[in-house]
Amino acid sequence: MKDGYTVHPFDEKFGVRTSGLIAGRHLKSGHRHDRHSTAYFGVAPSVFAALMRRWRRLDAAARVEETVFLDVGAGMGRAMLLAAEMNFKEVVGLELNPALVRIARRNLARWRAAGRVEAEKVRIVEGDAVEFPLPDAPTVAFLFNPFDGPVLKRLLKKWEGALASGTNLLDLIYVNNEQESVLRDTAGFTRLFLGKVARSRADAIADYKIMANQPEGEYESSNFEDCSIWRWKGLGKRKPSR
Ligand SMILES: C[S@@+](CC[C@H](N)C(=O)[O-])C[C@H]1O[C@@H](n2cnc3c(N)ncnc32)[C@H](O)[C@@H]1O
């Protein structure tokens, strides 16, 4: 299941396993959404940190300790582990692939044992992200380009229904935002940030090595990630139809 296995310094430092690149076509679970999966690849810790700093400056309506961090496509859990170091009310990692879920759970156990968890609650849920109900609490959703446009559209449609009746506080952080146009075309979301977020030198070197080792050379690496941050602003009052 490995495409180019090079150990990232994050794993060496913390004794976890989040390295490597697994092409989407190898991520089988039996779910109809398997074929829409992009790949497994852990987020660069420097990109994650820069985005969280940026997000915190955006005056979210709720405090971090009242907010749920939802990692949509958690993989082996690198983003989740980093989020668990913040004092979120809850960190939830949603992952479709059972083999990755097992690895993520082992990583989380190590993270806890090392005393790195600050969040009140952390859990990994196996299954399709679209089927998971949006938490009825202020939420920041983190998407590191987990799937293609059709699944992103389904996810946003489902969330729109929940947001209309529930808490309606949702921010979305989108890394490697290949499906940016889907969000642009979804009424109710406003973009608060769009730009390139640089990798640290150490992350750039590690990611470059991982990409260079791919047998089929289908994914590219660069020194930055194209990212965006969106906030749900609601649909407002619709005009009554005549
Ligand atoms: C690029 S990885 C991101 C890993 C993690 N978020 C991080 O940043 O370290 C994307 C992950 O999304 C998962 N995925 C793809 N489609 C999914 C779906 N429909 N529901 C849940 N997870 C999915 C893949 O299995 C893969 O592990």
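Is Asp-226 buried, partly exposed or exposed? Asp-226 is partly exposed, with a relative accessible area of 32%; the classes are buried (under 20% relative accessible area), exposed (over 50%) and partly exposed (in between), with a 1.4 Å probe and protein chains only. The views below come from a predicted model, in which local features need pLDDT of at least 70, side-chain atom pairs count only at pLDDT 80 or more, and totals for chains, interfaces and linings use all residues. Residues are numbered from 1 along each chain as its sequence is written, and side-chain values use heavy atoms, with hydrogens and water left out.

**View 1. Salt bridge between Lys-196 and Asp-226.** The closest N and O atoms of this pair are 3.0 Å apart. Lys-196 lies in strand β8 (residues 189-198) and Asp-226 in strand β9 (residues 224-232), so the pair ties together parts that are 30 residues apart in sequence. Strands (E, at least two residues) and helices (H or I, at least four) are DSSP runs, numbered from the N terminus. Lys-196 is exposed, at 54% relative accessible area. A salt bridge here is a side-chain nitrogen of Lys or Arg within 4 Å of a carboxyl oxygen of Asp or Glu, and by this rule the count comes to 10.

**View 2. Salt-bridge network of Arg-63, Glu-65 and Glu-66.** Arg-63 pairs with Glu-65 at 3.4 Å, N to O. Arg-63 also forms a salt bridge with Glu-66, with closest N and O atoms 3.4 Å apart. Glu-65 is partly exposed at 35% relative accessibility, and Glu-66 is partly exposed at 33%.

**View 3. Arg-78, buried and without a salt bridge.** Arg-78 lies in helix α3 (residues 78-84). The nearest side chain of opposite charge is that of Asp-11, 4.5 Å away; Lys and Arg count as positive and Asp and Glu as negative, while His and the chain ends are not counted. The side chain of Arg-78 reaches the backbone oxygen of Val-43 at 2.8 Å.

**View 4. Surface patch of positive charge formed by Arg-17, Arg-102, Arg-106 and Arg-110.** Patch members have over 30% relative accessible area and no salt bridge, and like charges are joined within 9 Å. The place of a charge is taken as CZ for Arg. Accessible areas come from the Shrake-Rupley method with a 1.4 Å probe. Arg-102 is found in helix α4 (residues 98-113) and is exposed, with a relative accessible area of 53%.

Methods. Patches are made of residues with over 30% relative accessible area and no salt bridge: like charges are joined within 9 Å, nonpolar side chains (Val, Leu, Ile, Met, Phe, Trp, Tyr) within 5 Å. A polar contact is a pair of N or O atoms within 3.5 Å; within protein, one must be able to donate a hydrogen and the other to accept it, and residues adjacent in sequence count only if both atoms are side-chain atoms.
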